[in-house]
Every structure is written in C-alpha cells, then in structure tokens.
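Colleague: Walk me through this one, please. Start anywhere.

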Amino acid sequence: MTLTDLSPGETGIILNIEADTTLSNRLRELGLLDGIAVRMVKMAPLKGPVEIKVHHSYLSIRWDDAQTIRLQS
Amino acid sequence: MKHHFASSSNTGSRDGEHWVAIVGNPNCGKTAIFNLLTGLNQKVSNYPGITVEKKEGFARTDDGDFRLLDLPGTYSLSAESFDEEIVSEQIDQWAKGMAPPSVIISVVDATNLGRNLYLTSQLQDLNIPIVIALNMVDQLEDHTQIDADKLASKMGVAAVIPLSAKLNEGLDNLKNAVVNARKGKQSPLDSPPWMDSEMVSDLKSTEQNGYVSARFGLAQSMRNKIQSGTMERDQEAILRYRWIDDILSQVTHRGAETPLASSRSEQWDKILTHQWGGPLIFVGILYFIFQSIFTWATVPMDMIQLGMDNFSTFVVNNMPEGMLRDILVEGIIGGVGAIVIFLPQILILSFFLTLLEDTGYMARVAFMLDKGMTKMGLHGKSVLPLMSGYACAIPGIMSTRTIDSWKERLVTILILPLMSCSARLPVYTLLIGAFIPSVTVGGYFNLQGLTLVLMYFLGTAVALILAKVFSKWVGEKSSSSFIMELPPYRAPIPKSVLRHVFIRGKLFLVNAGKVIMAISIVLWFLASFPKVDNPNSDVNPIQHSYAGQIGHAMEPVIRPLGFDWKIGIGLLTSFAAREVMVSTMATIYNVEDAGEEAVNLREAMQTDVHPETGAPTYTPLVALALMVFYVFAAQCMATFAIVRQETNSWKWPMFMVVYMTALAYFGAMAVYQGGKLLGFS
Ligand SMILES: Nc1nc2c(ncn2[C@@H]2O[C@H](COP(=O)(O)OP(=O)(O)OP(=O)(O)O)[C@@H](O)[C@H]2O)c(=O)[nH]1
Ligand SMILES: [Mg+2]
C-alpha cells in the first residue's frame, strides 16, 4: 500500500520510495527514511496535495508524489 | 532545468576579510536573527521561502564589526528551485576556496532539530567554523530539554547557542560565540564522522573536484555517485540521519510528546483548511480585505484632504503672488497632495497582506489551491507571489524564485502584473468616488466597495485564464513538485507587522515625493506655457499649452475608449508610475482653474463639461472604461526591468507589454462602446 491509502488520522511506516531520483532525494533529505512513521493529516479535495506529519513537521506533497511512497502493510 | 534560471550575481566578497554567513532551512528564523544582528529591516514572515536573494549587512560587536550575509533557506545542498540554487552555488564557491566566510551561523529550528541539523552536517564538510544558532527555543514544549554544550561537542561545532529571535534573547551570546569561533582554530577532520572507513577509502579513489576541504570532496563524490546511479539513492540521507539521530538521543530529553502528536495548529486547520469550507473562507477574507480598503479608509483620507486644503490655503495667504507660488500650489501641493491622501488605503492593504503571511495562513492557501493552480498551468507556490502582486508586482515576481518548475514560474511572472497593485488604487478610488454612487445593493453591499472588488476580480480572473492559455505554448514542460512545509500558526509579532506596513507606506510617500513631485513640476510648465498672448481672446490657455497640444494629438487614438485629452496626458505620465495619473489630473485642473485655492479633484472631474456641447466630459461609463484600462495596462517600467532580470531576456518583458496593452485598449473599448450600445452615456 502507499501513503495515499491512509485515511486522515492514520499512521503508517515507510517501506520504500519509488519516485525518480530528484524527488526521492528531496523526500529522503526531509527525513522520510525507510522505517519512519508518518501520519496522514489531511487530503485536499479532488486528489490535491496531502498533508502529512513526519518527525516534528507538517509537509505537503502532491497526490501523485505521495503515491510513490510505499508503506509497510 | 538548471540552465533556465538566471545566474545569481556574486556578492562582492573581499578575500581574507572577516565576514559571516547565515545558512539554514526555510522559515527557521535566519532573517529575524540577521535583522537583530545588523539592525536592518529585511522581511521576516511565517512562510518558507521569504528571502529569495542574498542580503548583506554589518553586525557590531565589541571586538569590531563584521559583514553578515543572509541567504535564502534550503533543506540541503541539492537545489530544486532558484532560491535554493543561490545557496548551493554560493556554498560550492566557498568549498572551492572563493572568498569563504570565516564563520558560518547555522540557524536551526529547535522544535525540529533532526531535519535542521541535516543541512548543518553538510556545512560541516566545508571545514569552516560553525556556530549553531538554536532558534525558537521559546516554542519548545515544557518538557523538552536540549543540552547545548553537549550537542556542540558531539557534533564538533564551535558552539551551540540557544536563542529566541522573537524574544530577542541570546543574541549577545551568539555574537560572542561568532567572535570566539573565528579566533579558536577548529581541528579539521579529514573524513566525515558519518562515513565509515570503508566508504572513505572507496570514495578516496575518485577525484577531489578541486575542493579545498577533503571532507567536502568526499561528500561531493558521494553525491555524484548517487546522481549517476552507482550508489544507493538514499545513502547520504541514511548515513547523516543515523549520525544525527544518535547524537540527538544523547543530548535531548523529550517529555511525553511524540513526534506525530497533533498540534494546536492542526485544530485550527480543521476549520481553516477544511476540504470545502477552507477555500470559501479564503474568498471571504479576500472580499473583506478589498471592501475594507474602500470603507475603512474614508475617514483618514478625508482628514488628509482637509489638511492638504488648509496647507495650500496657508501657502496662498502667506506667499507673495508669482510663479513660484503657482508652482508650489498648483504643481506640487496639487499633484503630490492628490496622491498622499491614498496613504491610508495603502497601509490598510499591506497590513492585511502582512497578517495573512505572518500568521502562517498563506502557506495553507498554497496547499488548498495547489490543485486548482496546476490546472491553470500555475503552481501552489504561485499563490504567494500573486497575492503580493496586489501590493506590488516587483516583490511578487522576485518571490516566484521558490517555484521549482521553470515553466510554471515563467507563466506566473507573465500574468502577475495583472493583479491590481496598490499603484492602481488611487486611480480606482478617485474614479469610483467621483462616478459610482454610494448606494446599497443586494441588501448590504456598498456599490462603491463592490466596484472596487470587481476590478480586483477582473484582473485576477483574466490572469488565471491567460495562465492557462500561455502555459499551452510557453516553455517546455519541466518536472514540478509541491513539497512544502506548513509552518505552525504563529501570532504575528506586532512590531514586525507594523514595521513592514510602515516600510510600505514610506516607500509610497518617498515615491510620491520624488517621482510625482518631479512630474508635477514638469507638467505644470507644460500646462502653463506657452502663455496665450492676448488674454482676452477666447482661446482656452490650457488647450493652447504644450500639454494641451500633446493631449489633443492623442485624442484620435483614445477617443474610441471615451477618453479626452486630459486622460491622454495622464496615460502618458502614468508610465512613470500608475498613480501619477491622479496627480496629473490634479495638476491640470489646478493650472486651468488658476484660482486661489487647490482644486478638489473629484468635484472638478464631476463638473467638467465639454466646452462646446456642455455635456459632461466624464460619465460613469467613461470612468468604468478607464478603470478597466488600468486593470490591464502595462505601465510600470520597474516591472519590465525585473522581468528582464528574472527571465534573462528582453523577449518576455516585450511580450508582456504587447499583450497587456492590447488587453487594456480593447478591454476599455469594449466597455465604452458596449456600454453606449446598451444605451448608457
Ligand atoms: N516563536 C518564535 N518565532 C520565531 C523566532 N524566530 C523567528 N520566528 C518566526 O519565524 C518565522 C520565520 O522567520 P524568518 O526570519 O522569516 O525565517 P527565515 O529563515 O529567514 O525564512 P526564509 O527566508 O523563508 O527562509 C517568522 O514568522 C518569525 O516571526 C523565534 O525565536 N521564536
Ligand atoms: Mg529569510
């Protein structure tokens, strides 16, 4: 399953990230490492960006990009 | 994508000089600290990506002054957008020994240490003494403790100074630490502590790329290997975070709070960014702002008007009659005074816009609108630049630097001048006040305020539609993402908000003082000479003047829009700045009147009649056409200059002039001719 399968309020653990190098680099730098917990906070309507909480900060990521983040099932 | 961005200018750093750079993540408080250390007033706001260019200042200490450099925020040395590129290029130069600073202040947000220290650890590779400014300690949870000294020794930096830029606490310690860091020699480590010896020897074999520090060379060749795919992609992040997390577990003590706990901001967001309610609230806020610009400002504006009238009466009564008095009363007080009364509106507008940013709300708006914006060929991060465009296009265009895709950035720049900037406000307000009746429609909407909102809406709506059109054939598609941190809502610091509003107001007045005064004087001459030889002839002296002649020459072109020669002159002088339109009309009427007292511009326009037919020169329809003209017209030289700078070519500013002029001309014509067809006069 991927990040977008979480409903707002649910938490998941990152399994890996399948984005292209640039995007995955940025996500990794922001601390989205494998094994890290993320919480889905909010989803903008019509597959707009999602807001997640990871470590101590809130991040917004586009829907398509969030789908490249796979979670442990 | 890199080659699309304008190259960043090199700041004039002098070799061997003692100077200090501030580096850190977006929104961690770098500029707030920079301002406190230098006494300058650079913009501080609760939105990641406010600073988009290098800024310099001087910090004073007991041990002498040093030059201080503030930079845009970045999460790492791998840049995605132009503002980040400014930082990474700058650091690359330091790494190659080009005028490096003697100390780096690495600002970190204490509430999110791990992520912030990532960049610090990259900076450490440079082997330049680092002082960590542990900012925002006032925001730490009660139970969280960070052992600053232990953190400094574990990381191997010169010092860690806890501070709060908001409360102005700890800044003296920071200064001292910077001075000491420069004196004390840091023992250079050849290999980064987060790499094991095996990796080091692995990477040593690759070339060193001309970097001064062996350690930076190692890290860089690792990044190169990651880029070329010969090394696991997340290697650098894993290694650095492993090192940082290990240190943090030894130096921080957290209470019961968990990293994913729901914050107070999240509760606010349940309402403010609600799926459907959120966008409605935003539209409501915009309506409220534009409406209140009109309604709230009336009282202070009337007061300034009264003061101006009294002042000109005073001058008339106390100065000997003559040309000097005429210039002063008709030219300067008439022209500049006509503009100065709009100061309250400018202040109200910038007050609200500052509040929206400073609370952290603007970042949410970007989040809510990203989807819609991408549909129009724009980007979630276009929202802040477009909103700043309501104040002035120039800072708006600069702040598009945070948009990571060139195409979307270019489209944002191209449509941004269609957002009605505050220089149009005097024009709108004058015309609305004079020609739109102050009646209530639909129960509680004031027609005057509504007309103003309509002008803002017209510019914005056409901007969005054109964005869609332009994005079809402008620039090639480039990858784009919207990774943005949503900062916590913060109560704005009153001093900082007021300071910002004050700066905007000052800018407006200085402009009125300089540009408008100069133009008013020149215009006074043009409108007063040549004098009619025979004062008894029925030639109207102002029609006969140079200004009158120029205006009349323009009339055939602007007649179809309903404009007369006076407006024609106003359109010309508007090229210096849009608000000059208003001062131009004022000067012309003052010269024409040549009476003892300053003319009330609004009344003068209302009562102006055609010399032959006796029909009113200006009607609500003409006023509407003129406002529409100003919504679209390209009349700001400074905007073109900045577009040229940001796009690195004359092509785009020229394109802008052409499309905006066409829109203005045909838009105004459509209003005037269409209105006449419908039976309005
Ligand atoms: N509570 C608190 N807020 C702070 C502190 N320092 C800065 N802020 C706020 O944090 C926000 C960001 O401050 P800036 O100085 O603009 O941050 P920056 O790092 O320059 O940001 P960018 O230029 O966007 O990279 C503003 O709203 C400041 O008022 C602090 O010590 N405590
Ligand atoms: Mg800044």
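Colleague: What does B:Lys55 count as at 25% relative accessibility?

Modeller: Partly exposed. That is the class between buried (under 20% relative accessible area) and exposed (over 50%), with a 1.4 Å probe and protein chains only. This is a predicted model: local features need pLDDT of at least 70 and side-chain atom pairs 80 or more, while totals for chains, interfaces and linings use all residues. Residues count from 1 along each chain as written, chains are lettered from A and ligands numbered from 1 in written order, and side-chain values use heavy atoms, without hydrogens or water.

Colleague: Which side chain meets B:Lys55 in a salt bridge?

Modeller: B:Glu53, at 3.2 Å, N to O. The rule is a Lys or Arg side-chain nitrogen within 4 Å of an Asp or Glu carboxyl oxygen. B:Glu53 is partly exposed too, at 29%.

Colleague: How many salt bridges over all chains?

Modeller: 22. One of them joins B:Lys43 and B:Glu357 at 2.8 Å. Those two sit 314 residues apart. B:Lys43 is in the loop between helix H1 (30-38) and strand S2 (55-61) of chain B, and B:Glu357 is in helix H12 (343-358) of chain B. Helices (H or I, at least four residues) and strands (E, at least two) are DSSP runs, numbered from the N terminus.

Colleague: B:Glu357, buried or exposed?

Modeller: Buried, at 5%. B:Lys43 is partly exposed, at 31%.

Colleague: New topic. What is the strand order in the open sheet?

Modeller: S5(A)-S1(A)-S2(A)-S3(A)-S4(A)-S11(B), antiparallel. Pairing takes at least two DSSP bridges. S4(A) and S11(B) have two. A:Ser60 stands opposite B:Met484 there.
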